[in-house]
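My notebook is open and the viewer is loaded. These are my entries, in the order I looked things up.

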Amino acid sequence: MIDLIRRTIASQYGAALQMLEIAIEKCPAKQWTENVGASPFWHVAYHVIFCTDMYLSPGMAKFKPRSFHKKNYNFLKRLPWPPFKEVVADEPYEKKVLLKYIETCREKVAKVMSKE
């Protein structure tokens, strides 16, 4: 039964990552830095990938942001704790960086979900 649950969760992660990958690939260059809601498209995409990577980790103490991570870029608009400082994410990641990060998360899903 646990194997079925693991396969199902891995499948759901896979589907979500594939959908995000397609959205990133199809995003026109001029819209890469335009807002989706309150944040630029690239920043929302990075936030989602970063959180996926973080939540697949065994715990916050063991999670290490990737080498290309820029401080606080994982947050949208402002820090979630007082004094709620605004996050300035003014150096967009390139598509190829985010697409590679998705692939890294796919590999992490397979590793995490295959553990017993």
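**Entry 1: a tyrosine in a helix.** I began with Tyr101, which is buried at a relative accessible area of 1%; buried means under 20% relative accessible area, exposed over 50%, and partly exposed in between, with a 1.4 Å probe and protein chains only. Tyr101 sits in helix 3, residues 95-114. Helices here are DSSP runs of H or I with at least four residues, numbered from the N terminus.

A note on provenance: the model is predicted, so I keep in mind that local features need pLDDT of at least 70 and side-chain atom pairs count only at pLDDT 80 or more, while totals for chains, interfaces and linings use all residues. Residues are numbered from 1 along each chain as its sequence is written, and side-chain values use heavy atoms, with hydrogens and water left out.

Next I asked what Tyr101 is in contact with, leaving aside neighbours within four places in sequence. I found Tyr46, Ile49, Phe50, Asp53, Arg66 and Phe68, contact being heavy atoms within 4.5 Å.

**Entry 2: the core.** Tyr46 turned up again in the largest nonpolar core, which has 24 residues. Such a core is a set of buried Ala, Val, Leu, Ile, Met, Phe, Trp, Tyr and Cys residues joined through side-chain atoms within 4.5 Å. Ile24, Trp32, Tyr46, Ile49 and Leu98 have the most contacts inside this core. Helix 1, helix 2 (41-55) and helix 3 are the elements that each give two or more residues to it. Helix 2 provides the largest share, eight residues. In soluble globular proteins, nonpolar side chains tend to be buried together.

I then listed what Tyr46 touches beyond four places in sequence: Phe68, His69, Tyr73, Asn74, Tyr93, Leu98 and Tyr101.

**Entry 3: a tyrosine in a loop.** I followed that list to Tyr73, in the loop between helix 2 and helix 3. Is Tyr73 buried or exposed? It is buried, with a relative accessible area of 5%. Beyond four places in sequence, the contacts of Tyr73 include Trp42, His43, Val88 and Glu91. I also noted that a polar atom of the Tyr73 side chain lies 3.2 Å from the backbone nitrogen of Asp90.

**Entry 4: back to helix 1.** Last, I looked up Ile5, which lies in helix 1 (residues 2-26). Ile5 counts as partly exposed, at 40% relative accessibility.

Methods
A polar contact is a pair of N or O atoms within 3.5 Å; within protein, one must be able to donate a hydrogen and the other to accept it, and residues adjacent in sequence count only if both atoms are side-chain atoms.
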